[in-house]
Amino acid sequence: TKRTLWDLNVYSFNTSEACDQIRYIGSLPGQQEPGVVLALGNEIYLGRQGLPRFPSGESYAEQMVEVVACARKHMPKAMIAAVGAPGHWNQGLRKNAHLFDALSWHAYEPSGSQVNPGGDNNFTNLADRVSFIAGYGRAVSQQAAAQVKADVGVAKPLVHSEFGYGLDHPGQCVLCASQVHWTSEVEEAIR
């Protein structure tokens, strides 16, 4: 299934403006098909990005009720993802968890120092590095899903709306094009 992730502006847009975004997205080709995800903001649990409008997960969820209703009306096949963050923020979503199909999640590990040759694990070949990254991602996702269930009170899928692997400082990126030559070794490691 083809997936499209839309990160809606729910911070500076009021409910009417957020609904206008949804109507516009819904009018675009292919956006009324399954596989479309509407993320209701990004990292607004951070004070510098969410205050003063969203001082808590509970406040955020309450303010999203009308936006979710608009999304269900204009894009009924879309998955709606609330902004997620482990702990207190997610616990604030509990009362309104039924509104959301999923929670967004950001995974910025493992770091290059854990995977690069000569790094913490001293991987010497690309296949081992790619395997470690894939396995690490699976394990961390399982832990995050369990944490969401504990915080929110119900299991919710995670929408990986940001990831950081490969975004390390220049010169530290294991899979960056400047450091990796696309050879049969790379293709085999990715398979």
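Biologist: Which two cysteines form a disulfide here, and how far apart are their sulfur atoms?

Modeller: A disulfide is a covalent bond between the sulfur atoms of two cysteines. In this predicted model, Cys-19 and Cys-70 form one, with their sulfur atoms 1.8 Å apart; the cut-off for calling a disulfide is a pair of cysteine sulfur atoms within 2.5 Å. The structure holds one disulfide. Cys-19 sits in helix 1 and Cys-70 in helix 4, 51 residues apart, so the pair links distant parts of the chain. Helices here are DSSP runs of H or I with at least four residues, strands are runs of E with at least two, and both are numbered from the N terminus.

Biologist: What is the handedness of the disulfide of Cys-19 and Cys-70?

Modeller: The torsion about their S-S bond is about 80 degrees, so this disulfide is right-handed.

Biologist: Are Cys-19 and Cys-70 buried or exposed?

Modeller: Buried means under 20% relative accessible area, exposed means over 50%, and partly exposed lies in between, using a 1.4 Å probe and protein chains only. Cys-19 is buried at 12%, and Cys-70 is buried at 7%.

Biologist: Which residues of helix 4 are buried?

Modeller: Helix 4 covers residues 65-74, and its buried residues are Val-67, Val-68, Cys-70 and Ala-71. Seen down the helix axis, they fall within an arc of 160 degrees, so they line one face of helix 4; the arc is taken from the directions from the helix axis to the C-beta atoms. Glu-66 and Lys-73, on the other side, are exposed.

Biologist: What do the buried residues of helix 4 pack against?

Modeller: Their partners are helix 1 (15-27), strand 2 (36-39), helix 3 (57-63) and strand 3 (79-82). Contact means heavy atoms within 4.5 Å.

Biologist: How many residues does the largest nonpolar core have?

Modeller: In soluble globular proteins, nonpolar side chains tend to be buried together. A nonpolar core is a set of buried Ala, Val, Leu, Ile, Met, Phe, Trp, Tyr and Cys residues joined through side-chain atoms within 4.5 Å. The largest one here has 36 residues, and those with the most contacts inside it are Val-10, Leu-40, Tyr-60, Met-64 and Phe-100. Elements that each supply at least two residues include helix 4, helix 5 (88-93) and helix 7 (126-152). Leaving out residues up to four places away in sequence, Leu-40 touches several residues, among them Val-67, Val-68 and Ile-80.

Biologist: How are residues numbered, and which atoms count?

Modeller: Numbering starts from 1 along each chain as its sequence is written, and side-chain values use heavy atoms, leaving out hydrogens and water. Local features need pLDDT of at least 70 and side-chain atom pairs count only at pLDDT 80 or more, while totals for chains, interfaces and linings use all residues.
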